[in-house]
Amino acid sequence: MSEIDKDRAEENFRRLEEALQERLPVVRQPHLGYGVAFAASAFLLLIVATLVLSAVIGSHDGKLQRDSFEKIASLPRMSVYAMGIGYLGTLVWSFFLYPHFWKRPYFDVLQWNFAAVRRYWPLLLTGGVGLSIAAGIAERFVSVPDTAPMNAFFKDRADLWLITIFGSTVAPFFEEMMFRGYFLPGVAIANTSQVLQSPLR
(Lines give C-alpha, C1' and ligand atoms only; values in the text may rest on other atoms or scores of the structure.)
Protein backbone atom coordinates (compact mmCIF):
# COMPACT_ATOMS: atom_id res chain seq x y z
CA MET A 1 0.00 0.00 0.00
CA SER A 2 1.41 3.36 -1.04
CA GLU A 3 1.64 6.44 1.17
CA ILE A 4 -1.29 8.01 -0.71
CA ASP A 5 -3.48 4.96 -0.01
CA LYS A 6 -2.49 4.96 3.66
CA ASP A 7 -3.28 8.65 4.04
CA ARG A 8 -6.65 8.19 2.34
CA ALA A 9 -7.53 5.19 4.51
CA GLU A 10 -6.60 7.08 7.68
CA GLU A 11 -8.69 10.06 6.57
CA ASN A 12 -11.71 7.82 5.89
CA PHE A 13 -11.37 6.15 9.32
CA ARG A 14 -11.11 9.55 10.97
CA ARG A 15 -14.29 10.75 9.29
CA LEU A 16 -16.08 7.55 10.24
CA GLU A 17 -15.09 7.94 13.89
CA GLU A 18 -16.27 11.56 13.89
CA ALA A 19 -19.60 10.59 12.36
CA LEU A 20 -20.11 7.82 14.92
CA GLN A 21 -19.25 10.11 17.81
CA GLU A 22 -21.53 12.92 16.63
CA ARG A 23 -24.30 10.46 15.65
CA LEU A 24 -24.97 12.38 12.44
CA PRO A 25 -27.30 10.91 9.83
CA VAL A 26 -25.43 9.10 7.08
CA VAL A 27 -25.68 10.98 3.79
CA ARG A 28 -24.87 8.83 0.78
CA GLN A 29 -23.53 10.62 -2.27
CA PRO A 30 -23.81 11.17 -5.15
CA HIS A 31 -27.59 10.78 -5.53
CA LEU A 32 -29.31 10.84 -8.92
CA GLY A 33 -29.81 14.60 -8.88
CA TYR A 34 -26.09 15.19 -9.25
CA GLY A 35 -25.90 12.76 -12.15
CA VAL A 36 -28.82 14.34 -13.96
CA ALA A 37 -27.33 17.82 -13.56
CA PHE A 38 -23.95 16.49 -14.75
CA ALA A 39 -25.42 14.91 -17.90
CA ALA A 40 -27.73 17.86 -18.63
CA SER A 41 -24.82 20.28 -18.38
CA ALA A 42 -22.78 18.26 -20.88
CA PHE A 43 -25.71 18.13 -23.31
CA LEU A 44 -26.47 21.85 -23.08
CA LEU A 45 -22.82 22.85 -23.42
CA LEU A 46 -22.55 20.54 -26.43
CA ILE A 47 -25.47 22.29 -28.16
CA VAL A 48 -24.21 25.77 -27.30
CA ALA A 49 -20.65 24.95 -28.42
CA THR A 50 -21.90 23.57 -31.75
CA LEU A 51 -23.97 26.69 -32.43
CA VAL A 52 -21.24 29.12 -31.41
CA LEU A 53 -18.45 27.37 -33.31
CA SER A 54 -20.59 27.03 -36.43
CA ALA A 55 -21.61 30.69 -36.26
CA VAL A 56 -18.05 31.93 -35.76
CA ILE A 57 -16.54 29.80 -38.50
CA GLY A 58 -19.42 30.20 -40.93
CA SER A 59 -19.80 33.97 -40.72
CA HIS A 60 -18.56 36.09 -43.63
CA ASP A 61 -18.25 39.85 -43.17
CA GLY A 62 -20.32 39.60 -40.01
CA LYS A 63 -23.12 37.72 -41.78
CA LEU A 64 -24.02 34.09 -41.36
CA GLN A 65 -25.14 32.17 -44.41
CA ARG A 66 -27.59 29.37 -43.72
CA ASP A 67 -25.97 26.92 -46.12
CA SER A 68 -22.55 27.65 -44.66
CA PHE A 69 -23.89 27.15 -41.14
CA GLU A 70 -25.38 23.75 -41.97
CA LYS A 71 -22.27 22.64 -43.84
CA ILE A 72 -19.90 23.59 -41.03
CA ALA A 73 -22.13 22.10 -38.32
CA SER A 74 -21.97 18.75 -40.15
CA LEU A 75 -18.16 18.64 -40.32
CA PRO A 76 -16.76 15.59 -38.48
CA ARG A 77 -14.24 17.55 -36.42
CA MET A 78 -16.93 20.05 -35.38
CA SER A 79 -18.66 17.34 -33.36
CA VAL A 80 -15.38 16.48 -31.62
CA TYR A 81 -14.66 20.13 -30.78
CA ALA A 82 -18.18 20.61 -29.42
CA MET A 83 -18.06 17.40 -27.37
CA GLY A 84 -14.66 18.39 -26.00
CA ILE A 85 -16.00 21.75 -24.86
CA GLY A 86 -19.10 20.18 -23.36
CA TYR A 87 -17.23 17.41 -21.57
CA LEU A 88 -14.35 19.49 -20.24
CA GLY A 89 -16.61 22.38 -19.26
CA THR A 90 -18.82 20.04 -17.25
CA LEU A 91 -15.83 18.39 -15.59
CA VAL A 92 -14.36 21.73 -14.56
CA TRP A 93 -17.44 23.19 -12.88
CA SER A 94 -18.47 19.91 -11.21
CA PHE A 95 -14.93 19.32 -9.91
CA PHE A 96 -14.94 22.66 -8.08
CA LEU A 97 -18.65 22.94 -7.14
CA TYR A 98 -19.76 19.47 -6.04
CA PRO A 99 -17.19 19.01 -3.23
CA HIS A 100 -18.71 22.05 -1.49
CA PHE A 101 -21.99 20.13 -1.18
CA TRP A 102 -20.39 16.76 -0.42
CA LYS A 103 -17.85 18.05 2.12
CA ARG A 104 -15.47 15.49 0.66
CA PRO A 105 -12.97 15.44 -2.22
CA TYR A 106 -14.45 14.94 -5.67
CA PHE A 107 -12.82 11.63 -6.59
CA ASP A 108 -13.34 10.18 -3.12
CA VAL A 109 -17.10 10.47 -3.53
CA LEU A 110 -17.00 9.00 -7.02
CA GLN A 111 -14.81 6.18 -5.63
CA TRP A 112 -12.12 6.43 -8.29
CA ASN A 113 -9.26 4.17 -7.26
CA PHE A 114 -6.15 5.48 -8.99
CA ALA A 115 -3.99 3.04 -7.01
CA ALA A 116 -5.74 0.14 -8.76
CA VAL A 117 -4.87 1.66 -12.13
CA ARG A 118 -1.21 1.84 -11.13
CA ARG A 119 -1.27 -1.80 -10.04
CA TYR A 120 -3.16 -3.27 -12.98
CA TRP A 121 -2.18 -1.04 -15.90
CA PRO A 122 -0.30 -3.85 -17.75
CA LEU A 123 -3.42 -6.03 -17.58
CA LEU A 124 -5.67 -3.17 -18.64
CA LEU A 125 -3.40 -2.28 -21.55
CA THR A 126 -3.19 -5.90 -22.68
CA GLY A 127 -6.96 -6.25 -22.45
CA GLY A 128 -7.48 -3.13 -24.56
CA VAL A 129 -5.14 -4.39 -27.27
CA GLY A 130 -6.84 -7.78 -27.21
CA LEU A 131 -10.29 -6.24 -27.57
CA SER A 132 -9.07 -4.13 -30.50
CA ILE A 133 -7.78 -7.24 -32.27
CA ALA A 134 -11.03 -9.09 -31.54
CA ALA A 135 -13.05 -6.17 -32.93
CA GLY A 136 -10.95 -6.17 -36.10
CA ILE A 137 -11.52 -9.89 -36.57
CA ALA A 138 -15.26 -9.55 -35.89
CA GLU A 139 -15.60 -6.91 -38.61
CA ARG A 140 -14.66 -9.54 -41.19
CA PHE A 141 -17.77 -11.52 -40.28
CA VAL A 142 -20.20 -8.60 -39.83
CA SER A 143 -21.53 -6.48 -42.67
CA VAL A 144 -20.78 -2.80 -42.02
CA PRO A 145 -22.89 -0.22 -43.89
CA ASP A 146 -20.96 1.91 -46.36
CA THR A 147 -22.79 5.08 -45.33
CA ALA A 148 -22.08 4.93 -41.59
CA PRO A 149 -21.60 8.42 -40.06
CA MET A 150 -18.29 7.28 -38.58
CA ASN A 151 -16.85 6.88 -42.08
CA ALA A 152 -16.68 10.66 -42.42
CA PHE A 153 -13.75 10.71 -39.99
CA PHE A 154 -11.71 8.39 -42.21
CA LYS A 155 -11.55 10.76 -45.18
CA ASP A 156 -9.01 13.13 -43.61
CA ARG A 157 -5.90 12.14 -41.67
CA ALA A 158 -6.24 15.02 -39.20
CA ASP A 159 -9.85 14.04 -38.43
CA LEU A 160 -8.77 10.44 -37.95
CA TRP A 161 -6.07 11.37 -35.42
CA LEU A 162 -8.43 13.76 -33.69
CA ILE A 163 -11.17 11.19 -33.14
CA THR A 164 -8.56 8.57 -32.14
CA ILE A 165 -7.04 10.74 -29.42
CA PHE A 166 -10.38 12.10 -28.21
CA GLY A 167 -12.05 8.69 -28.29
CA SER A 168 -9.30 7.05 -26.25
CA THR A 169 -8.80 9.75 -23.60
CA VAL A 170 -11.42 12.42 -22.92
CA ALA A 171 -14.56 10.58 -24.08
CA PRO A 172 -14.13 7.34 -22.07
CA PHE A 173 -12.93 9.25 -19.01
CA PHE A 174 -16.05 11.44 -19.04
CA GLU A 175 -18.53 8.70 -19.93
CA GLU A 176 -17.24 6.28 -17.32
CA MET A 177 -17.41 9.05 -14.76
CA MET A 178 -21.01 9.82 -15.70
CA PHE A 179 -22.30 6.24 -15.68
CA ARG A 180 -20.12 4.53 -13.06
CA GLY A 181 -19.43 7.61 -10.95
CA TYR A 182 -22.90 9.18 -10.91
CA PHE A 183 -25.71 7.04 -12.31
CA LEU A 184 -24.68 3.62 -10.97
CA PRO A 185 -24.36 4.74 -7.32
CA GLY A 186 -27.28 7.14 -7.79
CA VAL A 187 -29.62 4.31 -8.79
CA ALA A 188 -28.30 2.15 -5.96
CA ILE A 189 -28.88 4.93 -3.42
CA ALA A 190 -32.40 5.58 -4.76
CA ASN A 191 -33.35 1.89 -4.60
CA THR A 192 -31.89 1.54 -1.10
CA SER A 193 -33.88 4.56 0.09
CA GLN A 194 -37.11 3.10 -1.31
CA VAL A 195 -36.48 -0.23 0.41
CA LEU A 196 -35.75 1.44 3.74
CA GLN A 197 -38.92 3.55 3.48
CA SER A 198 -41.13 0.64 2.36
CA PRO A 199 -44.11 -0.10 4.67
CA LEU A 200 -43.44 -3.80 4.17
CA ARG A 201 -40.30 -3.66 6.26
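What share of the 201 residues of the chain counts as buried? The share is 23%, where buried means under 20% relative accessible area, exposed means over 50%, and partly exposed lies in between, with a 1.4 Å probe and protein chains only. The model is predicted, so local features need pLDDT of at least 70 and side-chain atom pairs count only at pLDDT 80 or more, while totals for chains, interfaces and linings use all residues. Residues are numbered from 1 along each chain as its sequence is written, and side-chain values use heavy atoms, with hydrogens and water left out.

The chain has 8 helices and 2 strands, which are DSSP runs numbered from the N terminus (H or I of at least four residues for helices, E of at least two for strands). Along the sequence these elements follow the pattern α-α-β-β-α-α-α-α-α-α.

Consider next the aromatic rings, of which the structure holds 18 pairs. Rings of Phe, Tyr and Trp (its six-membered ring) pair if their centres lie within 6.5 Å, and planes under 30 degrees apart count as stacked, over 60 as edge-to-face and the rest as tilted. One of these pairs joins Y34 and Y98 edge-to-face, at 4.8 Å centre to centre and with 80° between the planes. This pair links distant parts of the chain, since Y34 is in helix α2 (residues 32–58) and Y98 is in helix α4 (residues 76–102), 64 residues apart. Y34 is buried because its relative accessible area is 12%, and Y98 likewise counts as buried, at 3%.

A171 and Y87 are 84 residues apart in sequence, yet in space they are 7.7 Å apart, C-alpha to C-alpha.

A pocket, on a 1 Å grid over the protein atoms alone, is an open set of points where a 1.4 Å probe fits, with protein on both sides within 12 Å along at least five of seven lines, and lining residues have an atom within 4 Å of a point. The second largest pocket holds about 370 Å³ of space, and of its 13 lining residues the closest to its centre are W112, N113, V117, E176 and R180. Both α6 and α8 (170–196) supply at least two residues of this lining.

Conventions:
Grid points are joined across faces, edges and corners, and a volume is the space filled by probe spheres set on the points.
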